[in-house]
Amino acid sequence: MAIRQLSETLINQIAAGEVIERPASAAKELIENALDAGATRIEIATAGGGKALLRVSDNGSGMDAADLELAVRRHCTSKISETLEDIRTLGFRGEALPSIGSVARLSIASRKRDSTGGHEIAVTGGKIAHMRPAAANPGTIVEVRDLFFATPARLKFLKTEKAEAGAITEIVKRMAIAFPAVRFVLSGSDRTTLEFPATGDDHLARMAQVLGKEFRDNAIALDAVREEISLTGFAGVPTFNRGNSAHQYAFVNGRPVQDKLILSAIRGAYAETIPSGRYPVAVLSITLDPALVDVNVHPAKSDVRFRDPGLVRGLIVGAIREALARDGSRAATTGASDMLRSFRPGFRPNSQRPQGGWSAETSPSRPFQPTTGFGERPQASFDGLSMPTARAEPQLSPQPAAPEPNARYPLGAARAQIHANYIVAQTEDGLVIVDQHAAHERLVFEAMRKALHSKRLASQVLLIPEIIDIPEEDCDRLMQHAAELSELGLAIERFGPGAIAVRETPAMLGEVDAHGLIRQLADEIAEWDTASGLSAKLEYVAATMACHGSVRSGRRLRPEEMNALLREMEVTPGSGQCNHGRPTYIELKLSDIERLFGRS
């Protein structure tokens with residue numbers, strides 16, 4: 001079969017299969033072009049989930065007739081010259097507009113700021129129409145209709161209009177977080193209008209617009225630098241979590257990305273602080289020299305490749321863990337709201353219809369009668385309840401009462417223990433309810449973790465060293481981390497070109513599958529250039545031991561024991577969650593309590 005040159009239209013349609021996967025992909029490319037043009041206001045309108053209509057209007061620099069004619073041709077761009085090592089714009093491939101025009105009905109109207117008139121060009125199924133003058137405001141309006149009409153097979157792979165509209169909304173949210181100084185408006189016949197007013201340099205205000213105002217109250221600021229890479233952003237406290245990872249946003253040099261390395265680093269940083277099946281909320285912005293990152297990995301530009309992935313991963317994990325240790329032990333503000341919702345006014349346990357018909361004496365709607373509610377007979381049912389183990393009555397003394405420690409301690413002073421498991425403490429402006437087992441479990445675990453990192457762990461010497469055959473390159477990687485592994489109690493030696501001899505294993509792990517452990521470490525080092533797997537295993541064992549060695553539920557505590565537990569929680573990193581990620585305490589402000597009684 002003879003080789004022949006493909007037509008320009010077919011080449012663009014092939015490219016569109018990679019660049020334009022769905023309406024949201026087209027929206028992303030058009031919004032990136034608007035941002036690269038310096039727009040401060042971007043309006044997006046959709047119909048039919050973006051399949052029938054997708055219009056992006058901006059007030060950017062605009063284009064003249066010559067620029068418009070080149071913009072719809074393949075591999076024409078104003079954003080790079082001759083190299084890919086210094087990319088500082090969102091777009092650079094010069095494929096988006098010709099790809100869209102090859103599979104849809106595309107029209108572009110644009111006018112430069114200093115021009116007296118605008119121009120419009122149209123592309124239908126890859127065929128470029130003649131340029132014509134057009135009335136236009138400064139900026140650009142790109143309109144895409146009947147997406148994939150030229151490749152109808154692609155329409156079968158699209159989701160419902162609602163799902164496609166939701167994907168466009170997610171794209172706009174990511175762009176809005178990345179560029180808080182730009183006003184975004186998303187509207188259309190298939191949605192309610194969504195508007196994000198510009199917030200200037202206040203990134204947290206924009207995040208609150210997108211993620212909800214609760215994020216502002218539950219976010220911890222991040223600001224870390226390692227070598228030539230800086231990390232800024234906000235990480236949510238562990239108790240402020242979600243049911244999926246959709247609320248994790250990452251940006252590299254201002255570019256929204258969905259990189260597996262970054263998402264894995266976030267997951268690792270929150271290990272043992274979030275319950276299984278729950279995900280943290282985080283917004284991370286990584287800034288580095290463009291030469292140190294490759295953004296030309298995929299036509300969609302959502303993946304990146306770092307020159308030193310281990311450095312980036314270590315920076316993310318270290319910065320988030322430092323922030324959580326500094327300020328992550330506080331309870332999420334949503335805990336009080338959940339508690340308030342559980343108090344349903346008007347609830348009566350005996351509100352079911354009584355047997356034998358209705359009577360005024362037994363009706364749950366009967367008028368309140370003090371003699372009935374506080375008489376000796378009704379009160380007798382409370383005789384079997386045990387009194388709290390902590391004394392709550394004030395001390396009667398002619399001397400002035402000593403100042404309460406509430407103002408000095410965030411978790412306040414213990415006032416009672418209820419159901420032999422929960423400590424109720426009074427703070428300066430509310431009260432705190434503490435799960436004693438979960439709290440003590442975390443304290444024990446942190447003490448054991450500190451011991452893990454403060455000295456070399458005890459190891460057990462194998463009577464006969466285990467020889468493990470692995471590829472030579474894996475042996476080289478393992479031996480580069482031999483000293484680090486030795487600190488964790490794992491002593492290894494080279495045993496020929498393609499084998500490792502294991503002479504000691506961590507005593508804390510007990511009987512160890514050395515073959516499986518070495519192979520897993522080799523795989524992890526090859527992937528991330530770290531040897532954190534063994535450390536994670538040891539911390540998992542420490543967490544298990546802490547759970548079984550903690551104050552058990554049902555144990556009565558003396559007042560001094562409860563206060564000692566509160567004081568230790570205040571100085572222990574991560575004490576707001578147990579090892580399984582559940583909250584250890586819930587705070588209820590006085591204003592919340594007053595709302596329960598209708599006093600606010």
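Colleague: Which residue lies over the face of Tyr 409?

Modeller: The structure is a predicted model. In it, the ring centre of Tyr 409 is 4.0 Å from the residue that covers its face. That residue is Arg 567.

Colleague: How many aromatic pairs does a search of the whole structure find, and which residues are involved?

Modeller: The search of the whole structure returns one aromatic pair.

Colleague: Are Phe 215 and Phe 240 buried or exposed, and which charged end sits over the ring of Phe 240?

Modeller: Both Phe 215 and Phe 240 are buried. At 4.5 Å from the centre of the Phe 240 ring sits a charged end, that of Arg 242.

Colleague: Where on helix H15 do Asp 474, Cys 475 and Leu 478 lie around the axis?

Modeller: These three residues of H15 (residues 472–480) are buried. They cover an arc of only 105° around the axis, so they lie on the same side of H15.

Colleague: What is the relative accessible area of Leu 10?

Modeller: Leu 10 is located in helix H1 (residues 8–19). Together with Leu 6 and Ile 14, Leu 10 makes a nonpolar surface patch of about 240 Å². Leu 10 is partly exposed, and its relative accessible area is 35%.

Methods
Residues numbered from 1 in each chain as written. Predicted model: local features only at pLDDT ≥ 70, side-chain atom pairs only at ≥ 80, totals over all residues. Heavy atoms only, no water. Buried < 20%, exposed > 50% of the residue type's maximum accessible area, 1.4 Å probe, protein only. Helix = DSSP H or I, 4+ residues; strand = E, 2+ residues; numbered from the N terminus. Arc of directions from axis to C-beta. Patch = residues over 30% accessible without salt bridge, like charges linked within 9 Å, V, L, I, M, F, W, Y side chains within 5 Å. Areas by Shrake-Rupley, 256 points an atom, 1.4 Å probe, with all protein chains shown as cover. Salt bridge = Lys/Arg side-chain N within 4 Å of Asp/Glu carboxyl O. Phe/Tyr/Trp six-rings, centres within 6.5 Å; stacked < 30°, edge-to-face > 60°. Lys NZ or Arg CZ within 6 Å of the ring centre and 35° of its normal.
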